[in-house]
Amino acid sequence: MFMQKSSSWIVAFFFSLCISASIHAQLIPDPSAEAAPEVPEIPDDSLGRRTPRGTVSGFITAISDQKIDRAAQYLNLSRSQKKPKESARIVSIFQKLLDQGGEMMPYSWISNTTTGRTDDDLPQGTDVVGTVQIQGESVSLFVENSQSDGDPPLWQFSKSTVDALSKVTVEEQATFLEKTLPDWAKNEMLGGVPIGHWFALLIMIAIAYYGSWAIIYFFNLGLRQIWVRSRTDPTAGVITALELPFRLYLAVWVFIWLTQETGISIIIRQKLSGITVIIGFVAFLMLLYRLSDVISTYSVRRMTKRGRLSALSIILFLKRAAKVAIFVFGIIGVLSILGFDVTTGLAALGIGGIALALGAQKTMENFVGSVTLLADQPIRVGDYCKVGETAGTVESIGMRSTRIRTAERTVVTIPNGEFSSTRIENFAPRDRFLFTTILDMRYETTPDQVRFLLVELRSILYSHPKIAQDTARIRFVGFGDWSLKLEVYTYITGANYDEFLEIREDIMLRMMDVIKLSGTDFAFPSQTLYLGRDAVPTDDDVKRTEDIVTKWREAGTMQLPNYDEERITALKGKIQYPPEGTSAYSKSKKA
């Protein structure tokens with residue numbers, strides 16, 4: 001029960017901290033807005049009952065000083081309950097119930113404003129501040145503003161709470177400490193508390209810490225025996241990171257449970273409530289701090305295995321930024337738990353953040369750009385790419401900029417903010433290389449010679465093992481000013497650009513052989529003046545080409561306008577590549 005309630009209070013604390021940050025996020029006032037009306041100054045109350053926190057603190061202080069009459073003034077008593085004897089009885093019962101397992105919220109969680117909490121489901125002017133056990137049932141403790149509207153607020157323990165306390169029968173039910181402590185330890189007082197409670201407190205601290213250590217130790221031992229994966233990274237690193245924070249957190253819960261069950265005075269528990277909350281909060285921050293180390297170490301290993309060394313600098317930067325944020329958040333949280341007003345600090349941080357963001361706008365833009373590059377991975381180190389007008393090989397991707405080595409061997413440094421927003425053309429992932437060209441043939445080329453060229457040039461593409469056959473295309477595409485145009489369009493499969501150049505060279509040489517065999521030649525972009533001695537295709541060459549085309553017609557095997565699939569299949573792989581007579585061919589034969 002106490003763990004569930006304390007957990008809900010911790011959640012409420014974090015929520016209130018976030019709410020206070022959001023309230024003070026608007027740092028620049030709107031000049032058009034109307035000026036807020038002046039709030040009349042509220043006179044101080046000699047007992048500090050203007051706020052719920054002041055009432056609870058004043059009541060605990062009064063019973064600590066054993067000033068029963070003063071403590072009664074923090075209760076909203078009826079006329080009959082204000083009699084000295086009855087009021088003293090109610091205060092005594094209240095203290096007894098609090099000592100016997102009752103709970104009071106830490107001061108930092110209780111509202112310190114005159115209006116009380118306004119973000120709960122309770123009526124306006126009513127706050128819950130703790131619980132007590134009455135006849136086995138949990139009863140909430142409320143404080144309320146007992147003054148009417150228009151009067152200065154006066155917070156007291158509510159009428160319903162006081163009535164519930166007044167109905168409790170005064171039965172001396174000794175707590176564990178009252179049963180076990182010797183008389184001298186119960187009679188000697190220190191700070192309004194029997195001295196035996198202070199000694200018991202030290203023993204409970206030792207029991208809570210070493211008990212939680214033993215529980216976590218044996219739990220980890222059993223986990224490693226049952227779950228084999230817990231012995232290896234990264235699971236082992238996560239478990240190690242969780243060990244100390246969980247031990248501290250468990251020690252806090254064990255300590256709170258022991259103090260409630262043994263009957264440690266509410267005076268001591270309330271004084272130590274802030275410390276226990278701080279320890280739990282520090283344990284949570286320590287957990288985040290250690291997890292940042294584990295996550296960064298795991299990420300560095302993965303990036304190293306993948307060869308993405310450029311990501312390491314960003315991982316380390318994010319790790320440092322996370323630790324700084326945890327540290328700052330921890331300081332603000334601890335100060336808030338101790339009761340300091342952190343809204344001014346949050347406002348200062350907001351102003352500083354805006355100033356930093358404006359001053360380091362380009363730096364943040366470059367950092368976000370580098371994160372985008374690493375997350376989206378449009379390029380990697382070693383890729384040949386073109387960014388804007390710059391083409392070259394990526395040498396490094398840093399937190400601020402990316403370096404590219406150009407073909408002139410110069411290094412171009414491009415800010416990552418600009419890099420990530422520019423059109424990037426990456427040549428490295430290509431699985432095919434486009435080979436396209438126009439073959440300009442002389443106008444003296446006869447139609448049958450064109451047909452011969454179309455068939456034989458296609459044969460080269462269909463039979464070459466490095467050509468993607470589904471893309472092979474050679475077409476007679478038009479009549480130019482000075483040539484007949486044959487378009488070659490296909491894709492070459494190669495591992496890299498150097499191999500593409502090698503294969504393209506082989507194909508073009510073979511095409512030159514076919515053009516020479518056809519009896520025609522390439523056209524030149526100039527006017528030709530025919531003289532008597534001008535070399536023209538011989539009649540034998542023309543006749544040979546025409547005879548071949550005639551045979552194709554007679555046999556019905558001319559592969560125009562399209563090649564037959566059977567013929568394509570028959571030609572597949574017919575060309576020897578590398579070509580016979582080359583050193584590469586000789587090496588392949590030896591292999």
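# Notebook: hairpins, sheets and salt bridges

I began at the turn between strands E9 and E10, which form a hairpin with 4 residues between them, and I noted that Arg-409 in this turn has a positive phi of about 70°. Since I am reading a predicted model, I take this angle, like every value below, as computed.

I followed the pairing of strand E9 (residues 401-406) in both directions. Towards strand E10 (residues 411-415) I found 5 bridges in an antiparallel arrangement, and within that pairing Arg-403 stands opposite Thr-413. Towards strand E8 (residues 390-397) I found 5 bridges, again with the strands running antiparallel, and here Ile-397 has Thr-402 of E9 as its bridge partner. E8 and E9 also make a hairpin, with 3 residues between them.

I then stepped back to E7, which pairs with E8 in the antiparallel sense over 4 bridges, with Val-387 opposite Thr-390. These two strands form a hairpin as well, with 2 residues between them, and Gly-388 in the turn has a positive phi of about 65°. E7 has a further antiparallel pairing, over 3 bridges, with strand E11 (residues 424-426), where I noted Lys-386 opposite Glu-425.

I looked next at an open sheet of 4 strands, whose order is E1-E2-E3-E4 with antiparallel pairing. Strand E1 (103-104) and strand E4 (155-157) stand at the edges with a single partner strand each, so one side of each is left without a neighbour in the sheet. Helix H4 packs on this sheet and touches E1, strand E2 (126-134), E3 and E4, its direction making about 75° with that of E2. For the pairing of E4 with strand E3 (residues 137-145), I recorded 3 bridges and an antiparallel course, with Val-143 opposite Phe-157.

The structure holds 17 salt bridges, and I looked up several of them. In general, side chains of opposite charge can pair when their charged atoms come close.

In helix H4 (residues 84-99), Arg-89 and Glu-86 are 3 residues apart, about one turn of the helix, and they form a salt bridge whose closest N and O atoms are 2.8 Å apart.

Arg-451 is partly exposed, with a relative accessible area of 28%, whereas Asp-448, at 13%, falls under the 20% limit and so counts as buried. I also noted a network in which salt bridges that share partners join Asp-293, Lys-319 and Lys-323.

I then turned to Lys-485 and Asp-440, which form a salt bridge with closest N and O atoms 2.9 Å apart. This pair links distant parts of the chain, with Lys-485 in strand E14 (residues 484-492) and Asp-440 in strand E12 (residues 433-441), 45 residues apart. Lys-485 counts as partly exposed, at 25% relative accessibility, while Asp-440 counts as buried, at 16%.

On the surface I located a nonpolar patch formed by Val-324, Phe-327, Val-328, Ile-331, Leu-335, Leu-338 and Phe-340, with about 650 Å² of accessible area together. One of its members, Val-324, is found in helix H11 (residues 310-337).

For the protein chain overall, I recorded 19 helices and 14 strands. Buried residues make up 39% of its 591 residues, and the chain exposes about 34,600 Å², of which carbon and sulfur atoms supply 58%. Among the contacts with a separation of 6 or more, 67% are between residues 24 or more positions apart.

Key
Residues numbered from 1 in each chain as written. Predicted model: local features only at pLDDT ≥ 70, side-chain atom pairs only at ≥ 80, totals over all residues. Heavy atoms only, no water. Patch = residues over 30% accessible without salt bridge, like charges linked within 9 Å, V, L, I, M, F, W, Y side chains within 5 Å. Areas by Shrake-Rupley, 256 points an atom, 1.4 Å probe, with all protein chains shown as cover. Salt bridge = Lys/Arg side-chain N within 4 Å of Asp/Glu carboxyl O. Buried < 20%, exposed > 50% of the residue type's maximum accessible area, 1.4 Å probe, protein only. Pairing = 2+ DSSP bridges. Contact = heavy atoms within 4.5 Å. Axes fitted to C-alpha atoms, helices over the stretch in contact; angles between N-to-C directions.
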